[in-house]
Amino acid sequence: MKNRLKVLRAERDLTQAQLADALDVSRQTINAIETGKFDPSLPLAFRAARLFGLRIEEIFHDPALDNGHR
Amino acid sequence: MSIILYIRTNKQDTMNQLKPLENGYETRTRTNVIQLFRWCGVWAGTCALLTFGPKFLWNKASVFTLLAIGLNVCVGIATVMANKKYFDQLDELQRKVHLNSLAITVGVAMIAGVPYSIMDANHLLPFHADISHLMVLMSLTYAACNLYGTTRYR
């Protein structure tokens, strides 16, 4: 799953540690999500969406959907 | 200009939600690790008491040995509860790393433990098999898997 977490974080001048604190996870988890090594759970994705004031699909998206796979 | 304003507003909104956490994830995890470490230390102490006490402290008096066993079990239960609390309060990635480590550790313990026991029963080992050997193997496997998992997602 791809995501815009790094861009959104950079737009708000947040460090990984600050974002991790706000989402109540470790900095390692934020880094793993940003680099695409780990997909967050739905509750964590919702927390991120609430924090940035966006919908989940505006932050995370499945590349398979771009290729027409449903 | 409007884009900058939009980003600034968004930043303000986000920063407003970044309230200082008195008991944030890192602090909570550190506290849980320290508590778990303390309980492990006490449990190791009761194990030492149980091992050496009957011979060196109370001359194999059954009452004291039974009391030491009771103490060891009680402290053991508290250690397990501290471990459970530590796991419960980990975030999802850390829990995944630990779950993978546990899965491999249990598998290794079963795969190595059964032939080890059979070899001992058939006198194929040059030394006496001991449960502590299995515990050392499990500890090393768990530590290695955890290290691998942690560096993999770094």
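Helices α2(B) and α3(B) cross in a left-handed sense, meaning that the near helix is turned anticlockwise from the far one by less than a right angle. Helices here are DSSP runs of H or I with at least four residues, numbered from the N terminus. Helix α2 of chain B covers residues 25-56, and its axis lies 9 Å from that of α3(B), at a packing angle of about 160 degrees. Axes are lines fitted to C-alpha atoms over the stretch in contact, and angles run from 0 to 180 degrees between N-to-C directions. The pair α2(B) and α3(B) is therefore roughly antiparallel, a label for angles over 145 degrees. The residues of this contact divide into 18 nonpolar, 9 polar and 1 charged. Nonpolar means Ala, Val, Leu, Ile, Met, Phe, Trp, Tyr, Cys and Pro; charged means Asp, Glu, Lys and Arg; the others, Gly among them, are polar.

This is a predicted model, in which local features need pLDDT of at least 70 and side-chain atom pairs count only at pLDDT 80 or more, while totals for chains, interfaces and linings use all residues. Residues are numbered from 1 along each chain as its sequence is written, and chains are lettered from A and ligands numbered from 1 in the order in which they are written.

The predictor gives the complex an ipTM of 0.86 and a pTM of 0.79. Chain B has an average pLDDT (the predictor's confidence in each residue, from 0 to 100) of 88, and 86% of its residues score at least 70.

Chain B is divided into domain 1 (28-89) and domain 2 (92-154), with bounds from an automatic or database domain assignment. The C-alpha centres of these two domains of chain B are 22 Å apart.

Technical notes. Helices (H or I, at least four residues) and strands (E, at least two) are DSSP runs, numbered from the N terminus. Angles under 35 degrees count as roughly parallel, over 145 as roughly antiparallel, 65 to 115 as roughly perpendicular and the rest as oblique.
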